[in-house]
Amino acid sequence: MSTTMQTPQWDNLWLNVHLATMPDDKSYGECVDGAIAVKDGVIAWLGKQSDLPENYRATQIIDGNGAWLTPGLIDCHSHIVYAGNRSDEFEDRLNGVSYEEIAKNGGGIIATVMATRDASESELLEQSMARVKYLLQEGVTTMECKSGYGLNLATEAKILRVARQLGEQCPVRICTTFLGAHAVPPEYAGRYDTYIKLVCEQMLPALVAEGLVDAVDAFCERIGFNAVQTERVFQAAKKHGLPVKLHAEQLSDQGGAALTARYQGLSADHLEYLSDTGVSAMAASGTVAVLLPGAFYFLRETKLPPIAALRAAKVPIAIATDCNPGTSPMTSLLLVMNMACTLFRMTPLEALQGVTRNAAKALGLSDQIGSLAVGKQADFALWQVDRPADLSYAIGANPCCGVVFRGQNTKSRQQ
């Protein structure tokens, strides 16, 4: 693990830390009594503190006080940029109205679309930043922000601009995903194919021209878009050289995961109704399974994603908040880890992998983040815990005592 350098000169050096490097799918990669050095925002050395080169120089030396140090956490599926509130629908569901009924009656995604269209860009930024800050306090250094609450060019662009601003104004790496094919807007009611044409031929090219899109997503479902319409979106994305991902098999099996795999998609997400065929296709393509226990919990779903089948096929499993106003109003990735263990019976190791190395893969960033290794970005979090499994164990606790983003301290707290 350690690397020797001739007269190493570093910007920052953390001593007295226990490292969880997350090197593979088999272990935390624990290094007790370790140290980690950063140069120009990149990890330059890590290993046992006793193995440090004798002649090293560091501009700043930080005492980690025995904290555990992990890669910065990654929230790889969020709809965090939106306006408004849907607590009324939460109450309706508790009174027996289904999610599909609410959507068909003009609620659901469309309710948030109307609120987001009405919000100014500054209002949208203010509301969204308040949610993002909760995640940053829990060691998140990278997150995805989807559009999909505009469903017209002006508002989709507004959402994606706000997402970019979050990355400029907060110590977090933002990955933007265009989700124009989230739902059919009221002005296109019943005209699914016409709206998909608009998404593919007008909206996507315009947003790409503005530099606002890192990936493309769609909602393939009975209340969303069918596989043929979804494939048109994928074809348009590939035309622009963009990777794809998909909301797949959340409420029914539409074959979306297998379709995503055919296009070498980064991830297929939700997956409660994923078939064996879909599992096999994802395994063959390397597509990540992103599980969203917050939505599972909030919708009181009873059908579990096929965890055992995904494990057996060695499909990488990531987990995320799915932060959105209707089905997962969650801004705690630590709570997601606990839910993944309690609801899905994932292990604490799998949960931490799901918000580090596998989440990085779901964003196409495995070469930059997600594990601690020389040459990777210096994004990491420090935790006042006895062992890494504690991150999935405590409910409502936040043991994060330090966050480093691109080599710079962004949070420091003694408890």
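**Cavity lining, ring pairs and overall form**

Biologist: How do the residues that line the largest cavity divide into nonpolar, polar and charged?

Modeller: The lining of the largest cavity has 4 nonpolar, 7 polar and 2 charged residues, where Ala, Val, Leu, Ile, Met, Phe, Trp, Tyr, Cys and Pro count as nonpolar, Asp, Glu, Lys and Arg as charged, and the others, Gly among them, as polar. This is a predicted model, in which local features need pLDDT of at least 70 and side-chain atom pairs count only at pLDDT 80 or more, while totals for chains, interfaces and linings use all residues. Residues are numbered from 1 along each chain as its sequence is written, and side-chain values use heavy atoms, with hydrogens and water left out.

Biologist: What makes a space a cavity, and which residues are closest to the centre of the largest cavity?

Modeller: A cavity is a set of points, on a 1 Å grid over the protein atoms alone, where a 1.4 Å probe fits but cannot get out, and lining residues have an atom within 4 Å of a point. The structure holds 1 cavity of 30 Å³ or more, and about 130 Å³ of space lies in the largest cavity. Of its 13 lining residues, Tyr99, His182, Gln250, Asn324 and Thr327 are the closest to the centre.

Biologist: Why is the pair of Trp10 and Tyr56 called stacked?

Modeller: Rings of Phe, Tyr and Trp (its six-membered ring) pair if their centres lie within 6.5 Å, and planes under 30 degrees apart count as stacked, over 60 as edge-to-face and the rest as tilted. The ring centres of Trp10 and Tyr56 are 5.5 Å apart and the planes stand at 20°, so this pair is stacked. Trp10 lies in strand β1 (residues 9-20) and Tyr56 in the loop between β3 (42-48) and β4 (57-71), so the pair ties together parts 46 residues apart in sequence; strands are DSSP runs of E, at least two residues, and helices runs of H or I, at least four.

Biologist: How do you know whether Trp10 is buried or exposed?

Modeller: Buried means under 20% relative accessible area, exposed over 50%, and partly exposed in between (1.4 Å probe, protein chains only). Trp10, at 2%, is therefore buried, whereas Tyr56, at 24%, is partly exposed.

Biologist: What makes the pair of Phe234 and Tyr263 edge-to-face?

Modeller: The centres of the Phe234 and Tyr263 rings are 5.5 Å apart but their planes stand at 65°, so the pair is edge-to-face. Phe234 belongs to helix α7 (residues 227-239) and Tyr263 to the loop between α8 (256-262) and β10 (267-270), 29 residues apart, and both residues are buried.

Note on methods. 1 Å grid on protein atoms, 1.4 Å probe; cavity = no way out; pocket = protein on both sides within 12 Å on 5 of 7 lines; lining within 4 Å. Points joined across faces, edges and corners; volume = space filled by probe spheres on them.
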